Amino acid sequence: MKVAIVGASGAVGQEFMRVLADTDFPVSELRLFGSARSAGRRYPWRGGMSEPVRELGADAADFEGLDFVFTSAGADVSRRYAEMMTAGGALMIDNSSAFRMDADVPLVVPEVNGDDALNAPRRIIANPNCTTIQMVVALNPIHRISPIRRVHVATYQAASGAGAAAMEELRQQTAQIVNGEEPQVSRFAAQLAYNLIPHIDVFTDNDYTREEMKMNQETKKIMHAPGLDVSATCVRVPVLRAHSEAIWATTEQPVSVEQAREAFASAPGVVLMDGHEPASYPMPLEVSGTDPVYVGRIRRDLADPCGLTFWTVADQIRKGAALNAVQIARHIISRR
């Protein structure tokens, strides 16, 4: 496969390269694209060095002959260049929010709705928001036992969700506090070190943030469940990498804890860690850099006879971004 990565120098772009190499994706040619600032850089690639990063411009010839274009350079870039990237026949798998809710663009998590990727009339497939990916992978095994009617979720989102510069800011703020200095804030709404920020993305007219509304809207589309009620509170936490979520799910018929454990244990992309000791439930420090969605703390919801509550952790940059996109491409290849 001839593959391109747009936004190659960013945190997700670099993770794309690692995932393609780690999973032995069949790449015969890799083209990297970025801004003028990153043009000319080369990165480690399968025991050697990549071709230099090309500056993304208006030359459609740059994308001729490609099979897949993985994009993670922001919604504006994706909208501006989508037609050019796909004109030569490539499938664009886009990690931005640009096309997620477009009716003619599939929004795909392979463990849940992989075959949706086979119908992409604009040759664009959207990669969902990281928090949504993690949640639907965990919800799907329960939904298969009894349809889920309602979901409440509180997220605990790592600095990685705001990019590599945000992770560095958390490190710097922590060092500044330890050294008795005033922590500097530029990437977040407030100081993140030693703090929690219940504010990710901009607020909308209904007082939910756009991040929270993404979870509401995207979950319904991915799970083909327009009547599903989803209410989220998204919180930035002083963790470098890997998001966590506390989920309350209400099903049409009661699902026992034992049924839920069995479903999670056999679900693709899920690892069950449901013990009572620190080493036997998932935590972001322990699962950073790994591929699955980890599930634990499974309980009957004491406030709802048809409710379950559980805890999930997943690496936001891998499963929440690059890995999911590469899995979409693999699913498409497997169906050809």
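Visitor: What should I know before reading the numbers?
Guide: This is a predicted model, where local features need pLDDT of at least 70 and side-chain atom pairs count only at pLDDT 80 or more, while totals for chains, interfaces and linings use all residues. Residues are numbered from 1 along each chain as its sequence is written, and side-chain values use heavy atoms, with hydrogens and water left out.

Visitor: How many salt bridges does the structure hold?
Guide: There are 19, where a salt bridge is a side-chain nitrogen of Lys or Arg within 4 Å of a carboxyl oxygen of Asp or Glu.

Visitor: Where do Asp76 and Arg79 lie?
Guide: Both lie in helix H2 (residues 75–86), 3 residues apart, about one turn of the helix. Helices (H or I, at least four residues) and strands (E, at least two) are DSSP runs, numbered from the N terminus.

Visitor: Is Asp76 buried or exposed?
Guide: Asp76 is exposed, at 61% relative accessible area, and Arg79 is partly exposed at 48%. Buried means under 20% relative accessible area, exposed over 50%, and partly exposed in between (1.4 Å probe, protein chains only).

Visitor: What about Arg241, which residue does its side chain meet in a salt bridge?
Guide: Arg241 pairs with Asp315 at 2.6 Å, N to O. Arg241 is in the loop between strands E10 (229–236) and E11 (243–251), and Asp315 is in the loop between strand E14 (307–314) and helix H9 (318–334), so the pair ties together parts 74 residues apart in sequence. Arg241 is buried at 18%, as is Asp315 at 1%.

Visitor: And where is Asp291?
Guide: Asp291 sits in the loop between helix H8 (284–287) and strand E13 (293–300), and Arg318 is in helix H9, so this pair ties together parts 27 residues apart in sequence. The salt bridge between Asp291 and Arg318 is 2.6 Å, N to O. Asp291 is partly exposed at 30%, whereas Arg318 is buried at 6%.

Visitor: Which residues do shared partners join into one network?
Guide: Glu15, Arg18, Asp22, Arg241, Asp291, Asp315 and Arg318.

Visitor: New topic. Where is Thr131?
Guide: Thr131 is in helix H4 (residues 130–145) and is buried, with a relative accessible area of 0%. Its side chain makes a polar contact with that of Asn129 at 2.7 Å. A polar contact is a pair of N or O atoms within 3.5 Å; within protein, one must be able to donate a hydrogen and the other to accept it, and residues adjacent in sequence count only if both atoms are side-chain atoms.

Visitor: What else does Thr131 touch?
Guide: Not counting residues up to four places away in sequence, Thr131 touches Thr155, Gln157, Glu211, Met215, His243 and Glu245. Contact means heavy atoms within 4.5 Å.

Visitor: Which members of the largest nonpolar core touch the most others?
Guide: Phe63, Leu139 and Phe310, out of 55 residues. H4 supplies the largest share of this core, 7 residues. A nonpolar core is a set of buried Ala, Val, Leu, Ile, Met, Phe, Trp, Tyr and Cys residues joined through side-chain atoms within 4.5 Å.

Visitor: What lies apart from that core?
Guide: Another core, of 40 residues, including Leu32, Phe68, Ala321 and Leu323.
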